[in-house]
Amino acid sequence: PTSTGSVPLDPVPTVKPDPTEYQLASDDGKRTLWVVFVIMVIASVVFSALSWSVPMSRRLYHVITTMITVIAAISYFGMATGHGVAYHHVQVRESHSHVPDTYADVYREVYWARYVDWSLTTPLLLLDLCLLAGIDGGHTIIAIAADLIMILTGLFAAFGTEGTPQKWGWYAIACIAYLVLVWHLAVHGNRFASAKGSKVSKFFGAIATFTLILWTAYPIVWGVADGSRKASVDAEIIAYAILDVLAKPIFGLWLLLTHAKMPETNVEIGGYWAHGLGSEG
Ligand code: RET
C-alpha cells in the first residue's frame, strides 16, 4: 500500500528516491481548460453586447465585469495551450509494510497562470461588490489590498517546499488575509448597502453570500489539491473550472441583469467620469 504525505525534515530519508514521476493533466483536464476558455469568450461578448444600449453613466459594472471575463479567457487560453504551468518538485512518501518508507521524486504541474488571473480579477470582482454596496474608498482599498496579499501569498504557498514551514505558513497568511477581506465585505458591505435602501441591501446580501460561499471553496480545493496533493491535476482543473464559471460569468450575468432592472444599484459618480462629453447620454 502506498500513501502520500509530506516529508519530515529529520531524519533525512536514507533510501534512495524512486525514479522520477510526473503528475500531469490528461486529455480530460486539457479539454476542460479549452471549454472554460470558450465560456469566458462567450461571456465577454455577451457582457459587452449588454452594455451597448446602456449609457456610459450606467455602464461601470459592464466595463469591470467584461474585463474580468476577458482576463479569464486570456488566462485559460494560456493554460489550455500549455503556458503558465510549472513542474513543481513534490516528494511523495510511499509506505511499505516491511521495508522503510521510500520517497518518490514527483513533479506536479502547478498552473501559476491562475494566480496571475486571480490577482487581476478578484480585485475587480471586489470592486463590483464594493460599488454595489456603496462602500467608501478607504474600506474598498483595504479589502482589495487584503485580496492581493491573499493571492500572492497563495502563489508562494503553491511553490513552497514540502516539509518546511513554507507551504502551510504562506497558506495560513493567505487565509488570514482572506478573513480580513470577508470582514470588510460582510460588515461594511451590509452597513453601506442598508443606506442605499432595502432593494439594494437585499440584492447585495444575496450576491455577496453567493460570492463568499464560492470563494471559500477555493482554499478548500487548494488544500486538497495543491496542499496535500490528494486530488489529481485533472480533478483540480475541473474543480477550479466549475468555481471559475460560477464566480465570473454567472456572477456577472446576475449583476448586470439585476442592475438593468434596479436603478438604485447605480454607482453615483458625477462629472466627466460618469458622463463623458455628454453626448453618450
Ligand atoms: C488560495 C490559497 C491560499 C489561501 C486562500 C486562497 C483563496 C483564493 C480565492 C480565490 C478566488 C478566486 C476567484 C476567481 C475568479 O473566478 C489562494 C487558493 C484563502 C478566494 C473568485
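In this predicted model, V38, I42, V46, L253 and L257 make a nonpolar surface patch of about 390 Å². Patches are made of residues with over 30% relative accessible area and no salt bridge, nonpolar side chains (Val, Leu, Ile, Met, Phe, Trp, Tyr) being joined within 5 Å; a salt bridge places a side-chain nitrogen of Lys or Arg within 4 Å of a carboxyl oxygen of Asp or Glu. Helices α1 and α7 each supply at least two residues of the nonpolar patch, and α1 gives the most, with 3 residues. Helices are DSSP runs (H or I, at least four residues), numbered from the N terminus. L257 lies in α7 and is partly exposed, with a relative accessible area of 43%.

The largest nonpolar core has 48 residues. Such a core is a set of buried (under 20% relative accessible area, 1.4 Å probe, protein chains only) Ala, Val, Leu, Ile, Met, Phe, Trp, Tyr and Cys residues joined through side-chain atoms within 4.5 Å. Two or more residues come from each of α1 (27-52), α2 (60-80), α3 (113-133), α4 (137-158), α5 (166-195), α6 (198-227) and α7 (233-261). The largest share, 10 residues, is that of α6.

L132 and F204 have the most contacts inside this core. Beyond its neighbours within four places in sequence, L132 is in contact (heavy atoms within 4.5 Å) with Y61, K196, V200, F203, F204, I207, L255 and T265. Another core, of 17 residues, lies apart from the largest one and includes V36, Y76, M79 and I237.

Residues are numbered from 1 along each chain as its sequence is written, and side-chain values use heavy atoms, without hydrogens and water. Local features need pLDDT of at least 70 and side-chain atom pairs count only at pLDDT 80 or more, whereas totals for chains, interfaces and linings use all residues.

Terms used:
Buried < 20%, exposed > 50% of the residue type's maximum accessible area, 1.4 Å probe, protein only. Patch = residues over 30% accessible without salt bridge, like charges linked within 9 Å, V, L, I, M, F, W, Y side chains within 5 Å. Areas by Shrake-Rupley, 256 points an atom, 1.4 Å probe, with all protein chains shown as cover.
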